[in-house]
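The structure comes before the text.

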Amino acid sequence: MIPFDYRRAENAASAVALVSGNPDAAYLAGGTNLVDRMKLGVAKPAMLVDISRLPLDAVEVEDDGRVRIGTNVRNADLAANTFIRRRYPALSQALLAGASGQLRNLATTGGNLLQRTRCVYFQNPTTPCNKREPGTGCSALDGYTRYHAILGASEDCVATHPSDMAVALAALDASVVVLGPAGERIIPVSDFHRLPGSEPQRDTVLEHGELITAVELPPAPARSAYRKVRDRASYAFALVSVAAAVELEDDGANPPVIRDVRIALSGVAHKPWRALQAEAVLRGAPATEENFRAAADAELLSARALRENGFKIPMVRNTLVAVLRDLTGSPSPDASAEGTDHPEGPDGPADAGWEELDS
């Protein structure tokens, strides 16, 4: 780890002034991702500005039902918050699915949004990586791609975004409140992260020096949930995950009609992937298995598998259908037809997604 200057911010404005005035400065909060990258030699800030003691650590419920979450709210505290657990279960579930209890005790809301990819080539300074060193190439294209993108990738980068929390926030239509040298602005979570294009080194739309001060949630949807499929039940990043929020028509129809739906995917793209094509198929449609699968297929039309991650396409389909089925109370088809006759664990069916790739 290289030597660096350390400053403790007195307030948000002074923090912004310190970082925006130094192109090699960075913010430090929980440090659960940044410090790891510094140890690996991937991140080399000349100055760290500590914002962890700023009074931005409250969860505030507004009179109109909106919620404001301070950037320094710890992941463990947010997951355990009674109001969040009751009204925004997808967010609590996503937080509890991420990392270990020890890391959740340190990691912050703002820091979680700013996690960088865990692509093995990005984290290895001896390998070419356009995200780490623009113009050097993407080692993953001819390498290990089990965890890599099937949607929205480019010739310059096929890495995936690692956050569970950000996926739930995308499905909940949250916004990020940012303070910069030019003042405050509010960015929808779905627009906050970028696809790689020709600039994979830019994860977000933030300008240097801009500081996340809060995340804002609109009034809670009627139903929401998050499901994560991974190689082991704990301490693993998503192969695929699905967050969804659903509103049903209250007219007694059987099956019920989906009035509104928002869906986000993880493990499949450079950013939390808002499934807009799937949403369009489902809005105004009956909540049936057939419609769930049609929605998944519409979203996956643009999916492009790499050498080792073709299994993600059926895995997305099956996981999305399972989440929608649970949220709408739709009956499950015969288990043998679904290939779900194995015991179901905390991440869903043990064999979720392991069907023929052309099915």
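How many bridges join β6 to β8? Five bridges join these two strands, which run antiparallel. The model is predicted, so local features need pLDDT of at least 70, side-chain atom pairs count only at pLDDT 80 or more, and totals for chains, interfaces and linings use all residues. Residues are numbered from 1 along each chain as its sequence is written, and side-chain values use heavy atoms, with hydrogens and water left out.

**The sheet**

Five strands form an open sheet in the order β4-β5-β8-β6-β7, with antiparallel pairing. Because β4 (59-61) and β7 (183-188) stand at the edges with a single partner strand each, one side of each lacks a neighbour in the sheet. From one strand to the next, the twist averages 20 degrees. Strands (E, at least two residues) and helices (H or I, at least four) are DSSP runs, numbered from the N terminus. Two strands pair if DSSP finds at least two bridges between them.

Strand β5 (residues 67-70) pairs with β8 (residues 211-217) in the antiparallel sense, over four bridges. Some residues facing β8 are listed here.

| Residue | Opposite residue in β8 |
|---|---|
| R68 | E216 |
| V176 | V215 |

Six of the seven residues of β8 are buried, so the strand is largely enclosed by the rest of the structure. Buried means under 20% relative accessible area, exposed over 50%, and partly exposed in between (1.4 Å probe, protein chains only).

**A loop residue**

P196 lies in the loop between α9 (189-192) and β8. Is P196 buried or exposed? At 0% relative accessibility, P196 counts as buried. Leaving aside neighbours within four places in sequence, P196 is in contact (heavy atoms within 4.5 Å) with G152, A153, S154, C157 and H270. P196 and A269 are 73 residues apart in sequence and 9.2 Å apart in space, C-alpha to C-alpha.

**The surface patch**

F4 sits in the segment before β1 (5-8). The residue is partly exposed, with a relative accessible area of 35%. M1, F4 and Y6 form a nonpolar patch on the surface, with about 310 Å² of accessible area together. Patch members have over 30% relative accessible area and no salt bridge; like charges are joined within 9 Å, nonpolar side chains (Val, Leu, Ile, Met, Phe, Trp, Tyr) within 5 Å. A salt bridge is a side-chain nitrogen of Lys or Arg within 4 Å of a carboxyl oxygen of Asp or Glu. Accessible areas come from the Shrake-Rupley method with a 1.4 Å probe; for residues, only the protein chains shown count as cover.

Note on methods. Axes are lines fitted to C-alpha atoms, for helices over the stretch in contact, and angles run from 0 to 180 degrees between N-to-C directions.
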